Amino acid sequence: MSDLHIRCAGLTDIDPVLRFWREAAEGTSISDDHDGVARLISRDPGALLLAEREGLLAGTVIAGFDGWRCSVYRLAVHPDCRRRGIATALMAAAEQRFVSLGGRRVDAMVLEANERAHHTWTAGGYHREDRWRRWVKPLTD
């Protein structure tokens, strides 16, 4: 994977990332818009990690830390680049970020119906937490 470069996203990456997610990510989020990603990058410039190969976006992960919890969102790899270690490299970078910030445990948001993702997370040493369920309330229409 020496040709893979992982870096933090900047504001100029927002539109390419949004296009990438439409092609490579499962599901959508209420925050999948320019303003939502800009707020993320402005608030925590190290949270959105991009994996690039030969100058092309190959994968993403959001590695957010609020001082209490390490949370992972939007782990996505381009369909043409899957099964080449990109998700593993992104998660290693995310975990390294969390350790450097003092994090103790990583929580990952994974769609229930995304069986392929379940295998990826299990292979990375993660396990499903069945005691908890996610409860949500949109703050906007």
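Me: In what order do the elements of the chain run from the N terminus on?
Reply: This is a predicted model. The chain has 4 helices and 5 strands. From the N terminus on, they run β-α-α-β-β-β-α-β-α.

Me: How does the radius of gyration of the chain compare with the globule rule for 141 residues?
Reply: The C-alpha trace spans about 40 × 35 × 30 Å along its principal axes. For 141 residues the globule rule gives 14 Å, and the chain is close to that, so it is as compact as a globular protein of that length. Its radius of gyration is 15 Å.

Me: Among contacts between residues at least 6 apart in sequence, what share joins residues at least 24 apart?
Reply: Contact here means heavy atoms within 4.5 Å. Take the contacts in the chain between residues at least 6 apart in sequence. The share that joins residues at least 24 apart is 63%.

Me: Which residues does Ala94 touch, not counting residues up to four places away in sequence?
Reply: Ala94 is among the residues with the most contacts inside the largest core, as are Val61, Ile86, Met91 and Phe98. Leu49 is also on that list. Beyond four places in sequence, Ala94 touches Leu49, Val61 and Ala63.

Me: Where is Asp44 found?
Reply: Asp44 is buried, with a relative accessible area of 14%. Leaving aside neighbours within four places in sequence, Asp44 is in contact with Gly64, Phe65 and Arg97. Asp44 itself sits in the loop between helix H2 (34-43) and E2.

Me: How far apart are the closest N and O atoms in the salt bridge of Asp44 with Arg97?
Reply: The pair links distant parts of the chain, 53 residues apart, with Arg97 in helix H3. Arg97 is buried, because its relative accessible area is 15% and the cut-off is under 20%. The closest N and O atoms of Asp44 and Arg97 are apart by 2.5 Å.

Me: How many salt bridges does a search of the whole structure find?
Reply: The salt bridge of Asp44 with Arg97 is one of them. Another joins the side chains of Asp3 and Arg53. A search of the whole structure finds a total of 10.

Me: Is Arg53 buried or exposed?
Reply: Arg53 lies in strand E2, and its partner Asp3 in the segment before strand E1 (4-8), 50 residues apart. Their side chains meet at 3.0 Å, N to O. Asp3 is partly exposed, with a relative accessible area of 40%. Arg53, at 15% relative accessibility, counts as buried.

Me: Which residues are linked with Arg7 in a network of salt bridges?
Reply: Arg7 is partly exposed, with a relative accessible area of 25%. Asp13, at 12% relative accessibility, counts as buried. The closest N and O atoms of these two are 2.8 Å apart. The residues linked with Arg7 in the network are Asp13 and Glu52.

Me: Are the rings of Trp121 and Tyr126 stacked or edge-to-face?
Reply: The structure holds 1 aromatic pair. Trp121 is buried at 10% relative accessibility, and Tyr126 is buried with a relative accessible area of 18%. Their ring centres are 4.9 Å apart. Their planes are at 85 degrees, so the pair is edge-to-face.

Me: Which residue lies over the face of Trp21?
Reply: The residue is placed at 5.2 Å from the ring centre of Trp21. It is Arg74.

Definitions and conventions:
Residues are numbered from 1 along each chain as its sequence is written. This is a predicted model: local features need pLDDT of at least 70, side-chain atom pairs count only at pLDDT 80 or more; totals for chains, interfaces and linings use all residues. Side-chain values use heavy atoms; hydrogens and water are left out. A nonpolar core is a set of buried Ala, Val, Leu, Ile, Met, Phe, Trp, Tyr and Cys residues joined through side-chain atoms within 4.5 Å. Buried means under 20% relative accessible area, exposed over 50%, partly exposed in between (1.4 Å probe, protein chains only). Helices (H or I, at least four residues) and strands (E, at least two) are DSSP runs, numbered from the N terminus. Rings of Phe, Tyr and Trp (its six-membered ring) pair if their centres lie within 6.5 Å; planes under 30 degrees apart count as stacked, over 60 as edge-to-face and the rest as tilted. A charge sits over a ring if NZ of Lys or CZ of Arg is within 6 Å of the ring centre and within 35 degrees of the ring normal. A salt bridge is a side-chain nitrogen of Lys or Arg within 4 Å of a carboxyl oxygen of Asp or Glu. The radius of gyration is taken over C-alpha atoms; the globule rule is 2.2 Å times the number of residues to the power 0.38.
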